[in-house]
Amino acid sequence: MTNEAIKEFITATLPSASFDETGEWLNIQIEPTQLLTLAKALREGETNMNYLFCLTCVDWKTHLTMVYHFSSTQHRNSIVVKANLDRNQPSIETLSFIWRTAEFHEREVFEMFGVQFENHPDLRKLILEDEFKGFPLRKDFEDPINMIKL
Amino acid sequence: MIQETEIIKDTTHLGDEGELVVNMGPQHPATHGVLHLVVTLNGETIKKIEPHLGYIHRSIEKMCESLTYRQFIYVTSRMDYLSSHINNLGCALLIEKGMQIEVPERAKYVRVILSELTRIASHELWLGAMAMDLGAFTPFFYAFREREMITDIMEDTCGARLTMNYIVPGGLMYDIHPDFQKKVKAFITQFKSKVTEYEDLVTNNVIFQSRTKGVGILSAEDAISYGCTGPVARASGVSCDIRKLFPYEVYDKVEFDEVIETAGDSFARYMVRVKEMNQSIRIIEQLIDNIPEGDFVGKTKNVLKLPKGEFYTRVETARGELGVYIVSEGGTTPHRIKFRSPGFSNLSALNHMAAGSKIGDLMATMGTLDLVIPDIDR
């Protein structure tokens, strides 16, 4: 599938999505509330994005950005979906019911960035201990004992 | 209260009460590292497996945010320590792509040979350790005999036997050892004559076959949904070899087959890895005599600055697809770096694969996933 065809498909589902083609892959910027609609369409529609190969979050100090890398084992093309979240109360719908790999990746983002994933089946800390305070991968995280600033 | 002499008439609820939670790990001989599995059992049957991670979490992603683009590569050798060259290669490729650095042909050839040697060494170690998990002790020595030759080659050329740091942005750190080609050829001869021993000892072993066939089945759809890559997904019939799909370095110039099995059980995963070793030998054979003369490192600036933007590369490690995602703001250090490690996604499928089977089969399922814990924890 060409980028044009994917853009057409997404515009039909979400007219408000904006595109950016400067990078290696097609970037799609959406609102967090639209994620589930788009994800379901990408998975079930002709794009057949059945492989979520990277799920992460970026802290921009003013807001957080969720970054999803989707790919299709049928068409072999990849796209990037991004959604900006409020830094004080970050919350977004879970994708673990559509792609099972999202369950672990979302738990990692939850403990490292503090993003709440709504309807997640098991949103607990995965890597850090239960008593750990703070979100280590945020830019303003301070740990005077274990962190050495260069 | 039931008296001991009384006959228990209603046996339907016994199972629910007989649920048992067993902590497997963090220190357990079969986890090969500090992996903690909370296994819920009903008698001998596994009901649920919950992995608890983080015992060797070193926060590599956070660490890399304060390291320069030359420094952070060395940390990645400590992620999946059995594929350290390939981890380094993934990072070097990203920087070369972002800064448009030309890499000399000589470096490209050596990088691919080293990647394939690493893959063989990793699969050898897995073969020995996995057979030992299932109770066969001899294969361990057979596998380490060949692996030893590779570690010797690495010691000569890269200066280390494990956690090698040899691939740098632009090429290689220094030129290959004068004996490199001779020793690699000696290894190929040795490996080819000995690989049939694995077939006799392990593949055709009735006990091994009955312990792995039909155990821990993963379907192709589930493998994709769980994000499984590498031999785990290829054993389920998913074509996902990055070397074939998105060739990097000189993989498009060499002939090799992507090994795919369709059974999806532990035995299929075993077969994929054994056959992959032969394919790696095939790749090395095509390259070892044709390493071009010339520079081993391209021209790079002293201080590397990645342009503003986002970059993603993927390479095929011994465990699957390693993705390196860097968000750059144009400075000397990355703004955010994420390693999409193959082990992390492969582990997430463990509960799905093992639930419903017997606890004794967990060893076979987990062993063939080939988990390396530092790769999962990062």
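Q: At roughly what angle do the axes of H5(B) and H12(B) cross?
A: This is a predicted model. Two packed helices are described by the angle between their axes and the distance between the axes. For H5(B) and H12(B), the axes come within 9 Å. Their crossing angle is roughly 155 degrees.

Q: Is H5(B) roughly parallel or roughly antiparallel to H12(B)?
A: The axes cross at roughly 155 degrees. Angles over 145 degrees count as roughly antiparallel. The crossing of the two helices is left-handed. H5(B) is therefore, relative to H12(B), roughly antiparallel.

Q: Are H12(B) and H15(B) roughly parallel or roughly antiparallel?
A: H12(B) covers residues 266–288 and H15(B) covers residues 359–369. Their axes are 9 Å apart, at an angle of about 30 degrees. Angles under 35 degrees count as roughly parallel. The two helices are therefore roughly parallel.

Q: Which residues of H15(B) meet H12(B)?
A: The crossing of these two helices is left-handed. H12(B) contributes B:Ser266, B:Arg269 and B:Tyr270. The residues in this contact divide into two nonpolar, three polar and one charged. From H15(B) come B:Ala364, B:Thr365 and B:Thr368.

Q: Are H6(B) and H7(B) roughly parallel or roughly antiparallel?
A: H6(B) spans residues 138–158, and H7(B) spans residues 180–203. They pack with axes 10 Å apart, at about 170 degrees. H6(B) passes H7(B) in a left-handed crossing. Angles over 145 degrees fall in one class, so the pair is roughly antiparallel.

Q: How many charged residues does the contact of H6(B) with H7(B) have?
A: In H6(B), B:Glu146, B:Asp152 and B:Asp156 are among the residues in the contact. In H7(B), the contact includes B:Lys183, B:Lys194 and B:Glu197. Twelve residues of the contact are nonpolar and three are polar. The charged residues number six.

Q: Which element of chain A gives the most to the side that touches chain B?
A: The contact takes 22 residues from chain A and 27 residues from chain B. Strand E3 (51–59) and helix H3 (102–113) of chain A each supply at least two residues of the chain A side. By class, that side has 13 nonpolar, five polar and four charged residues. The element that gives the most, with six residues, is E3(A).

Q: Which residues of chain B does A:Phe104 touch?
A: A:Phe104 lies in helix H3 of chain A. Within chain A, but beyond four places in sequence, A:Phe104 touches A:Leu126. In chain B, the residues touched are B:Phe344 and B:Ser348.

Q: Is A:Phe104 buried or exposed?
A: A:Phe104 has 23 C-beta neighbours inside 10 Å. The cut-off for a buried residue is 20 or more. A:Phe104 therefore counts as buried.

Q: Which residues have the most contacts inside the largest nonpolar core?
A: In soluble globular proteins, nonpolar side chains tend to be buried together. Here the largest nonpolar core has 138 residues. Its largest share, 13 residues, comes from helix H5 (residues 105–133) of chain B. The residues with the most contacts inside this core are A:Leu52 and A:Val115.

Q: Where is A:Asn48 found?
A: Most residues other than glycine have a negative phi. A:Asn48 has a positive phi, near 50 degrees. With 14 other C-beta atoms within 10 Å, A:Asn48 is partly exposed. A:Asn48 is found in the loop between helix H2 (35–44) and E3 of chain A.

Q: Is B:Glu249 buried or exposed?
A: B:Glu249 lies in the loop between helix H11 (242–245) and H12 of chain B. Its phi is positive, near 50 degrees. B:Glu249 has 20 C-beta neighbours inside 10 Å, so this residue counts as buried.

Note on methods:
Residues are numbered from 1 along each chain as its sequence is written. Chains are lettered from A and ligands numbered from 1 in the order in which they are written. This is a predicted model: local features need pLDDT of at least 70, side-chain atom pairs count only at pLDDT 80 or more; totals for chains, interfaces and linings use all residues. Two residues are in contact if their C-beta atoms, placed from the backbone, lie within 7 Å. Helices (H or I, at least four residues) and strands (E, at least two) are DSSP runs, numbered from the N terminus. Ala, Val, Leu, Ile, Met, Phe, Trp, Tyr, Cys and Pro count as nonpolar, Asp, Glu, Lys and Arg as charged, and the others, Gly among them, as polar. Axes are lines fitted to C-alpha atoms, for helices over the stretch in contact, and angles run from 0 to 180 degrees between N-to-C directions. Angles under 35 degrees count as roughly parallel, over 145 as roughly antiparallel, 65 to 115 as roughly perpendicular and the rest as oblique. A crossing is left-handed if the near helix is turned anticlockwise from the far one by less than a right angle, and right-handed if clockwise. A residue is buried if 20 or more other C-beta atoms lie within 10 Å of its own, exposed if 12 or fewer, and partly exposed in between; C-beta atoms are placed from the backbone. A nonpolar core is a set of buried Ala, Val, Leu, Ile, Met, Phe, Trp, Tyr and Cys residues joined through C-beta atoms within 7 Å.
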